[in-house]
Amino acid sequence: MKQDETKEMKNSIKGASKNSIRGIFCIAKQKRDFCVAPFLKQLPVREMGSLHLSCWALRINRSGLKTFSSVALLMFAITIPALTVAADELNSGDTAWMITATALVLFMTIPGLSLFYAGMVRSKNALSVMIQCFAITCLVTLLWAFYLYSLAFGDDVAGVIGNLGKAFMKGVAIDTVKGTIPESVSSIFQLTFAIITPALIVGAFAERMKFSALLAFIALWVTLVYGPVAHWVWGGGWLGTLGVLDFAGGTVVHINAGIAGLVACLVLGKRRGYPNTPMRPHSLVLTLVGAGMLWVGWFGFNAGSELAADGVAGMAMLVTQYATATAALTWLLCEWVFHGKPSALGIASGAVAGLVAITPASGFAGPMGSLAIGFAAGLLCYFASVRLKRIVGYDDSLDAFGVHAVGGIVGAILTGVFVDSAFGGKGLAEGVTLGAQVWKQSVGVLATIVYDAIATLIILRILDATMGLRVNEEQETEGLDLVLHDEAGYNL
Amino acid sequence: MKWISAVIKPFKLDDARDALSGIGVQGITVSEVKGFGRQKGHTELYRGAEYVVDFLPKVKVEVAIPDDRVEQVIEALSKATNTGKIGDGKIFVFDLAHAVRIRTGETGLDGL
């Protein structure tokens with residue numbers, strides 16, 4: 001994670017500034033691809049002071065050093081009054097990329113996920129899925145504006161939640177900068193994650209949930225589950241502090257959505273007639289189109305999570321591509337071997353599984369590691385969606401659990417393995433062994449699962465008792481589009 | 001007057017139509033239907049959910065003809081739509097009580 005790396009760098013620099021010239025050489029040796037110039041712009045100016053001067057000092061021979069040192073000291077003394085507050089500096093390259101990435105991630109929900117899901121339900125329910133995704137986009141946006149951004153990314157309270165200091169977007173103005181990009185951009189980028197996470201849950205209870213109950217559920221869920229967990233991992237909370245690595249949301253987005261989906265499908269119950277009544281996807285053409293949009297948009301999701309346009313973002317894009325392709329082919333292979341024929345739904349599902357699994361690892365794994373992650377995801381998500389579901393018997397309509405929870409868990413754990421530079425990864429944190437990192441990852445996974453499951457269960461039970469979650473049998477047979485929205489998706 | 005209703009395989013529609021116009025039967029009504037006789041359906045598989053689809057798409061061709069042409073039409077249709085495989089379909093003959101040409105008001109055989 002970028003924050004951890006900057007902290008590490010800061011500590012090394014603090015040591016270096018005491019013994020400036022030697023210090024530079026030490027840093028350069030520790031990190032082979034360490035480059036001073038880009039690093040300089042990331043540091044707060046105060047710490048920059050001594051390092052910058054040390055670099056200049058390198059160019060002067062020993063005889064000139066004495067004169068220069070006194071000048072340097074004078075320069076430093078002059079600049080001290082101005083260096084009272086750490087100033088984040090806007091970088092237009094980073095900003096341009098992050099604005100683009102934000103658009104790509106929103107595109108993943110509307111229409112990427114909408115189409116992916118709509119195609120898999122029966123035609124009488126196609127619109128219901130799409131309006132649910134659309135409505136979630138709008139609702140979560142409003143909540144974000146009011147308080148959710150603050151809960152997730154406001155100042156930390158006991159490592160558990162953010163305060164309401166940024167409620168109603170207080171302090172976020174045109175020139176407010178966070179890192180190297182405007183806070184407006186970083187905030188909306190994070191919003192798109194908060195949007196797609198609940199939208200994913202829709203897949204678990206498709207074709208039987210009341211629209212009103214859905215809106216209420218989503219409002220409560222993002223507030224009580226997404227906000228806190230996002231804070232734990234990314235907002236300065238306890239999981240981030242513990243050293244859990246989750247680059248783009250294996251826990252925050254996918255495990256969260258998948259487990260909530262499992263709980264929801266169990267609470268709501270199976271669709272009427274499941275599993276004996278045929279419930280064929282009405283348009284896998286739409287599903288494949290949606291899957292393609294998800295893949296392309298995911299570059300914004302993963303590479304954008306670097307919050308900068310740099311090598312880490314580039315590598316995140318590369319590993320995303322590799323893992324996804326591997327997972328897609330793996331799922332295809334499983335179908336070919338176990339059923340006899342490869343299928344379009346299979347390759348699309350495999351691709352999504354790969355995308356999910358590489359998400360937490362995207363800023364940490366290397367190319368070969370990502371192939372392994374993709375393979376594991378393709379294999380395990382195939383079995384979870386195709387076999388496990390039939391064996392246990394729950395009606396997770398669109399495999400929110402099978403793909404997102406299982407894929408997220410696989411990816412989160414394997415992140416701890418493939419971050420190791422032995423596998424071409426970014427490298428384990430200093431003093432942390434592979435085993436220790438995998439343990440940290442497991443803690444992150446377990447904490448998310450337990451909290452999410454319990455909170456989701458409570459929310460659903462309350463809503464079921466007050467407003468009812470599910471449409472009645474007659475409505476379900478008629479189809480949600482007509483019954484809940486007075487519309488037909490197709491008037492052919 | 002007779003009403004001939006033939007349920008045939010969809011890809012044989014063009015052959016049926018050509019055969020009918022070949023013997024001088026101009027008017028024809030075609031509908032898309034589903035059904036099965038002895039032909040087995042197929043299975044579809046979606047993420048492990050297997051569906052046996054019994055109903056097969058068919059096409060129903062319907063014509064109204066004078067009594068004296070029944071044999072001719074049946075023979076033409078049969079020859080055109082026969083593939084020798086199970087699922088070729090069936091031809092049904094109904095008595096037609098009355099017919100009216102809407103534009104002119106002609107009735108009976110003149111209305112066909």
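Modeller: Chain A has 19 helices and 4 strands, where helices (H or I, at least four residues) and strands (E, at least two) are DSSP runs numbered from the N terminus. This is a predicted model, in which local features need pLDDT of at least 70 and side-chain atom pairs count only at pLDDT 80 or more, while totals for chains, interfaces and linings use all residues. Residues are numbered from 1 along each chain as its sequence is written, and chains are lettered from A and ligands numbered from 1 in the order in which they are written.

Biologist: What share of chain A counts as buried?

Modeller: Of its 492 residues, 50% do; a residue is buried if 20 or more other C-beta atoms lie within 10 Å of its own, exposed if 12 or fewer, and partly exposed in between, with C-beta atoms placed from the backbone.

Biologist: And which contacts join residues at least 24 apart?

Modeller: Among the contacts in chain A between residues at least 6 apart in sequence, 77% are of that kind, a contact being two residues whose C-beta atoms, placed from the backbone, lie within 7 Å.

Biologist: How do helix 6 and helix 7 of chain A cross?

Modeller: The axes of helix 6 (residues 92-120) and helix 7 (residues 126-153) of chain A come within 9 Å and cross at roughly 155 degrees. Axes here are lines fitted to C-alpha atoms, for helices over the stretch in contact, and angles run from 0 to 180 degrees between N-to-C directions. Helix 6 and helix 7 of chain A are therefore roughly antiparallel to each other, given that angles over 145 degrees count as roughly antiparallel, under 35 as roughly parallel, 65 to 115 as roughly perpendicular and the rest as oblique.

Biologist: Which residues make that contact?

Modeller: From helix 6 of chain A they include A:Ile110, A:Leu113 and A:Tyr117, and from helix 7 of chain A they include A:Val129, A:Met130 and A:Phe134. The residues of this contact divide into 9 nonpolar, 3 polar and no charged, where Ala, Val, Leu, Ile, Met, Phe, Trp, Tyr, Cys and Pro count as nonpolar, Asp, Glu, Lys and Arg as charged, and the others, Gly among them, as polar.

Biologist: What about helix 15 and helix 16 of chain A?

Modeller: Helix 15 (residues 367-392) and helix 16 (residues 400-418) of chain A pack at an angle of about 150 degrees with their axes 9 Å apart, which makes helix 15 of chain A roughly antiparallel to helix 16 of chain A. Among the residues in contact are A:Ala372, A:Ala376 and A:Lys389 of helix 15 of chain A, with A:Gly402, A:Gly407 and A:Gly411 of helix 16 of chain A. The residues of that contact divide into 13 nonpolar, 5 polar and 1 charged.

Biologist: Switching to chain B, where does it touch chain A?

Modeller: In total, 7 residues of chain B are in contact with 14 residues of chain A. Strand 3 (42-46) and strand 4 (49-53) of chain B each supply at least two residues of the side that touches chain A, and the largest share, 3 residues, comes from strand 3 of chain B. The residues of this side of chain B divide into 4 nonpolar, 1 polar and 2 charged.

Biologist: How are strand 3 and strand 4 of chain B arranged?

Modeller: They form a hairpin with 2 residues between them, and B:Arg47 in the turn has a positive phi of about 45 degrees. Strand 3 and strand 4 of chain B pair in the antiparallel sense over 5 bridges, pairing being called when DSSP finds at least two bridges between two strands. B:His42 stands opposite B:Val53 in strand 4 of chain B.

Biologist: In what order do the strands of the open sheet in chain B come?

Modeller: The order of the 4 strands is 2-5-1-6, with antiparallel pairing. Strand 2 (29-35) and strand 6 (89-95) of chain B stand at the edges, each with a single partner strand, so one side of each is left without a neighbour in the sheet. The twist averages 25 degrees from one strand to the next.

Biologist: What packs on that sheet?

Modeller: Helix 1 (residues 13-22) of chain B does, touching strand 1, strand 2 and strand 5 of chain B. Helix 2 (residues 70-81) of chain B also packs on the sheet, touching strand 1, strand 5 and strand 6 of chain B.

Biologist: Is B:Ser21 buried or exposed?

Modeller: B:Ser21, which lies in helix 1 of chain B, is exposed, with 12 other C-beta atoms within 10 Å.
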